[in-house]
Each structure stands twice: as structure tokens, then as C-alpha cells.
Amino acid sequence: MSDDGAPLLGRRWRLWEQFSLRGPGFPVGGVLDLAPVDLSVYADKFAGGVLSGPDWVEFEGVFGEVAARTAVRLQEVAGSSDFTAAVAWQNRTVLRTGLRPFLGWVPSASNRSSMPRQREELVAHYWQRFCVKNDTIGFFGPVGWGRVDRSVGGVEIDAGEGLTESSSVFFSSWSIDALARTLSADDRLMAWIPPRRMPYIRADSDDGPVRIPGRTPQQAPPRLVALLRLADGRRPPAELARALRMTPAEVTAGLAELVRRRWVTWRLDVPSGPRPDRELRAILERVGDPELRRGALEPLEVLERGRERVEAAGRDAGALCEALAALEEDFTRITDTASQRAKGTHTAPNRSLVYSDTRRSATARVGSEVLDAMAPLDPLMTSAAWLMARLGARVEERATEVYEKLAAASGGDRVNLADFWFGCMPILHGAAVTDAQEVLEEFQRRWARIIPVPDGARQVRTTHAAIASQVAEAFPPVPAAWTAARYLSPDVLIVAHDTESVGRGDFELVLGELHLASNTVGASLFVSQHPEPAELLRITGQDHPGPRLLPLLPKEHKSRLSVRVRNVLVRPEDYYIALLELTADPHRDRTVLSADAHVTRRGDRLVALLPDGGEFAVTDVFGHVLTTLAMDMFRLFPDADHVPRVAVDKLVVSRESWRFTGGDLEFAEEKSEARRYVRARNWRDGRGLPRYVFVVSPTEPRPFYVDFDAPVYVNILAKAARRLARKDPQAKLTVTEMLPSPEHAWLTDDQGNAYTSELRFVAVDQHH
């Protein structure tokens, strides 16, 4: 244990006592119902045999009857209120175009034509996500919590009451931004909205030039420059007019010119946060004209009441669909904006107006048996720290070259941070990507010497004791290159039939993913569902006794960024550095514009100098870019057509996996479902694949589950293979064993239903 009582892994890594218990909202038995009893045994009688003759005709008849019964079971799923509510949150159009006609069909062995089968697959596809994917969204992926407690032997579950403890509905940021744009059309309201300078624009004096990164300095009238310098996002136009002794009309004209030059923004900008409606309300309540304020708040209140109705509907599918439809109608009427963003736009996350996050009733405690089995994480995380440090050093070395060129051009040792940032952009989005790949390849070469993988091996086992000294030599300790790199977030899965098995030591662990340079439970979707968010902030304070410098991120980006996954464990003493846009509340202290900060050298490292004298490693300015590069880098072994299961003591560090082109799945082109099913099973047996797998394909949006005993999931796999073969015959899909498999679902609710699950831990590097 560490001095503050938190558990340690080795001497270097301190675990947070809190962890997230992730799991779906539907029991794992739901997908097992789609694997008809004894059909697989019957099918295997044709292994290597001829698919013709009387026996085959009999099997086809049985298969048709079983398929019809499976369709009836899928109709029961599709007609349940909970499933309908879950799909309504994902895509309500599917209810009308897919589920409603599917429910109106009467399945039989003779009428399963193409369209009904497609609808079966649609329901089954959603069902596997709701039953076996440890996603975190809504009541069908509720956020659970647990604690590390060595007084517990293995793992203990307090099931609580029902599946969920609480649920909250949040506006997507884009929906409130659309309302803000609508309100901005009122010039009377804009008279109360403070303009703000773009973060990278600077002017050192009223009569000096305006400096813009990458461009020659520009001259402007002194009164215009003075207006620019005072546009801090806090002063409305009337206050600017008084400060500059200008008329309101002169300020309005000046601001219009500054907006035209793209030196300031003057619009109703809603700060980024999990409750954008509250952020907008705070802005509108600063409007001094009571009548104007009431008029601006009225449409917001209409949408807020709509959100409340959605929240009150809970899992009542009828009430939920009605409330969502009413909210969408109000939103479109008020904003003249579509209530659903199209797929494939540059802002893919949160396509709907609102989303839901929910807290699981069940809580967990894990104790000494599990913690001891997690010990091999110590060398793994030590190597991950080396990986991040090498990446950070490569990027900092390139950034230093940019600094030296800019310093030489200016004739001083201080470089404006905005100029430096823009100068580094080609590195961060170009050379750094290559650096990351090269560092990863070296990382994997070193691991190949520590854990050799013999050709053809199905399983490789070693021990913590056997690899510890090799890891220490291959990955010597180095300081974290940026502050966030002190965090690692391992997903750990328990392979056990029940909690009693864990207490007896009859279990294994699986490392699902090791997320680098990120405290993933600090995301809004987790923190908003914690019973005591202040507790998470307190632990953050233990990790960082002093302030941090955090890059201010855009609200959302196509690379998985949205306010839902934004880190909200930010304390008042932490600094934000605004690089390209200002998405924080301008009234927040310690929010610094990049044009107001500098970069200089301290010994052999570069630091960012803030206006109040604060100094931070310049790599913290790049923190989000570096984390984005590093987050999913932890892969011990390079991609190959076969990678064995690799275990260190009781910890499986790599599941067994295979890669195939779409054309390799010969059964996929088979027209007959019965033949496809039998040939798929023969194909699987010939390659030694397990019954349960997850498949990742370049043509599919996310991994999906396949049970080779379930014809409907064989059909889904075949369709994915055909789609891939058509798009790119050389591209490969990856098949990975499902471990833990469904029989290892030890997490139960108060009714005894079993769920798949994983534990998401946070580890902090104490060597800093």
C-alpha cells in the first residue's frame, strides 16, 4: 500500500481505489437464446461430408423450422419495451422501418425471404451489442462503480435494487449551439454578448501591429486595435464603449470589422461542458434588459422542459418515443435545424439532440486475490511508460527545431506560444504519426525478445518472475514526457464462473485494453454518474498536488471527441491554454490565450511561460495530440495472420486472434442458409477457432460478436465478409477469441441475471 492507503502495483504504480464497473444492460443469456439447442450437434454430423441425400434433406427441414423459431424469439426481443427503448436512443428510424414491419410478420420455414432475414439480422445485431459489449451508454450500458479493498478475498458484488440506480439525460453540445445561433440573429441580444479575441491573435500596444502566426504583421487603426485588445469575452459592447470612450455605434462597427478580419469572434458561444443548456442559461441571465432576457430564455426553457419529459420517460418505450418526437419537433420549429445530424458528417459523435447516461445499481469490491493476479501489469505498464516517453522525446526534439528557428528569427530566447504552436502543426499531424509507428515497432521488437512466440503456437505462457528483469533492462525508467502520460487505464476482465470461484483462486484475468496517457474515468460520461464526483476530484488532487496546464480542446471532433468523453476532472487551480479556439467560459480564471504566453528554454527542455509567471513543460501544450497518438498504441505483438494467446501467470495479456480476407471465408457466398451454417462450422473447425469470437472489419463501424452455434450470427459474419471482399479483396478482418466467454459472466443483478463485464482501473506513475 502507498502512504495514502491506495494499492500499489510494484513500486512504481499506484492504483486508484475507485474503478469503473463496465457492462451491458441486458443479460448475456439473451444472445445464447439465439443458438438453438442441438442444431450445432446435428450440423456437425456433416463435417467433411456430402451436403446432399436424404439425411441432408431432413437436416434442411429441421434447420428451416429452427430458423423460424429463432425469428419468433427475435420478435419477442424486438417487441420488448426495454429493447425498443434502447433502439430508440440509438436510431428511432429503425423502429419504424425495421422493427415495426418485422413484428407484423408471421415467421415460418417457408416465408423467410430476403427482407425478413435482413430484419432478423438487424435485431440480432443490436441485441449482441446490448448483451455482450461492455459499452458505456444509457441504461443498456450503465456505469457501475467499485472499490479496491484488500480485506476482500476475491470479488464481492452488492447487486443493489434493479438494474439502474439513476439516469440522466443531457443535451448534445451541437443542439444548444444551434439554439445559440438562432438567438444570435437578434441584434438587440448581441448588444449584451461580449466579443472575444481569437486565442492566437495579439497586439502588444494600441498603435503597434497585430500579429498573426504565419503571416506578416498587420497595421490597423489604433482605436480598432484598442478594441481588439479589450475583447476578452467578459465585457459586453456597452462596457467596451465606456472603457474606450466610443459610441455604441462605433463599437458595433469596429467589432464588425474585427470579425471580418477574423481577429475576434462576436457570437453567442456556449462554453463546452456536460450541461450546455446550463452554460447558455448563465450567459442569457447576464443580459441586463429584463424583457429581452425573458424572450431569449423562453425557447431554451421549451427545450429544457422537453429534455425533462424525455428523462421522466425512463425505459417506457412508448413514453420515450413520444417525448423524443415532441422535443425534436420543438427544436426544429425553434431553430429551423434538422433534429438529427446525418451520418458521416465531420462531427459524428452524438448525432441526436440528447443522450442518456445511467448509473448501475450493482457495486463491486475486489480484493487481494485479484490484486495479486494483476501484478504482471507492473512490467507491462513500465514498458508503456517507456513507449510514451520515447514518443514524447521524438516530438519534443522536432519541436525544439521549430523553437530554434523562431528564436533565431526574432533575435531573442522567447518565442510566442501561438507562433510556436502553428509552427509545430506539421509535426504533430505529420512527422509525429511516423514517429509513433517507429517507436511502436521498436517497442514490439523488444517485447519479442522478452516473450518469444514460436511459429504455430496456440498458447504461450510465462511468469512475472521470468520477465521482470528483462523488462527492467529493455525499458529503463524515464520521466513522463507530458503530465497526462503519468496515467494508464487498464481494462481488466475476470474469467470465472462466479464470485465464489474468484475467492477460491479459480480464475484468470484478461487485459482487455491498456489506455495510455489518459485517466479514462475522468471523462464526463463516468464522472456524471459517480455518486460523489468530489471524491474523484480529491484523488486527482493527490495525483497532482500543484496546478496542471491543460490544452483547451474543441467541443467535438471526428476522432471520437465530444463533450461526453471530455475530461472534467479539472480543478480551479489548473490552467487551460486556448490554442485555436476558446471553448471554456471566458469568466473562468486561469484560462490563457496562446498569444499571451511564450516558450523558452530551461536547461535542455522547453517550457511554456504564462503571463502570471507559471512554467510548464511545453509538451503539456501538445498533451491532447500526444495522448491521441499514444492512447491505443499498446500492442505487444505486431499484426499477424495468427497471434497466440499469451499469459503471464494468471493474466492473459493477449487474446488469440486470426486475420482473414473476406474471400477466405468461403462459406460466405453460399446461398443456402443451411449450407452456409454447416460450411461455416467446418471452416471454423478447420482453423481451430472457438465458438465465441469478436470480429473487427474495415467495413464495419465497430466490433461485433459471433457465435458459430447461432445461424443468425453466422449470417451476419458472412454478410460482413462479402462486403469486405467487394470493397477490397486484399483487406483483412480480425477474429479474436471471446475471453471471458458467456459462461464466465460472474456479474449478477438482484434477480440473478448474469452480465458480461470489465473493470476499468486507473494507475498513476509515481516516478515523476
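This note goes through the cavities, salt bridges and strand pairing of a predicted model.

1. Basis. The model is predicted, so local features need pLDDT of at least 70 and side-chain atom pairs count only at pLDDT 80 or more, while totals for chains, interfaces and linings use all residues. Residues are numbered from 1 along each chain as its sequence is written, and side-chain values use heavy atoms, with hydrogens and water left out.

2. Cavities. A cavity here is a set of points, on a 1 Å grid over the protein atoms alone, where a 1.4 Å probe fits but cannot get out. Grid points are joined across faces, edges and corners, and the volume is the space filled by probe spheres set on the points. Three cavities of 30 Å³ or more are present, and the largest cavity holds about 80 Å³.

3. Lining of the largest cavity. Lining residues have an atom within 4 Å of a point. Among them are Leu34, Thr70, Arg112, Glu673 and Asn715. Helices α3 (54-79), α6 (114-132) and α24 (711-727) each give at least two residues to this lining; helices are DSSP runs of H or I with at least four residues, strands are runs of E with at least two, and both are numbered from the N terminus. The lining is made up of five nonpolar, two polar and five charged residues. In this grouping Ala, Val, Leu, Ile, Met, Phe, Trp, Tyr, Cys and Pro are nonpolar, Asp, Glu, Lys and Arg are charged, and the others, Gly among them, are polar.

4. Salt bridges. The count comes to 63, a salt bridge being a side-chain nitrogen of Lys or Arg within 4 Å of a carboxyl oxygen of Asp or Glu. Asp44, Arg681, Arg691, Asp707 and Asp709 are linked in a network of such bridges.

5. Arg129 and Asp135. The closest N and O atoms of this salt bridge are 3.0 Å apart. Arg129 is buried, at 13% relative accessibility, and Asp135 is partly exposed, at 22%. Buried means under 20% relative accessible area, exposed over 50%, and partly exposed in between (1.4 Å probe, protein chains only).

6. Glu311 and Arg307. Both residues belong to helix α13 (residues 290-313), where they are four residues apart, about one turn of the helix. Glu311 is partly exposed at 30%, and Arg307 is buried at 10%.

7. Glu700 and Arg723. These side chains form a salt bridge at 2.5 Å, N to O. Glu700 is in the loop between β26 (692-696) and β27 (704-707) and Arg723 is in helix α24, so the pair ties together parts 23 residues apart in sequence. Glu700 is buried, with a relative accessible area of 16%, whereas Arg723 is partly exposed at 31%.

8. Strand β15. In β15 (residues 508-516), seven of the nine residues are buried. Strand β14 (residues 487-495) pairs with β15 in the antiparallel sense over seven bridges; two strands pair if DSSP finds at least two bridges between them. Strand β24 (residues 651-654) runs parallel to β15, with two bridges, and Val510 has Val652 as its partner in β24.

9. Five-stranded sheet. The order of this open, antiparallel sheet is β22-β25-β28-β26-β27. β22 (642-643) and β27 are the edge strands, each with a single partner strand, so one side of each has no neighbour in the sheet. Two antiparallel bridges join β22 to strand β25 (residues 657-661), and Val643 stands opposite Ser657 in β25.

Note on methods
1 Å grid on protein atoms, 1.4 Å probe; cavity = no way out; pocket = protein on both sides within 12 Å on 5 of 7 lines; lining within 4 Å.
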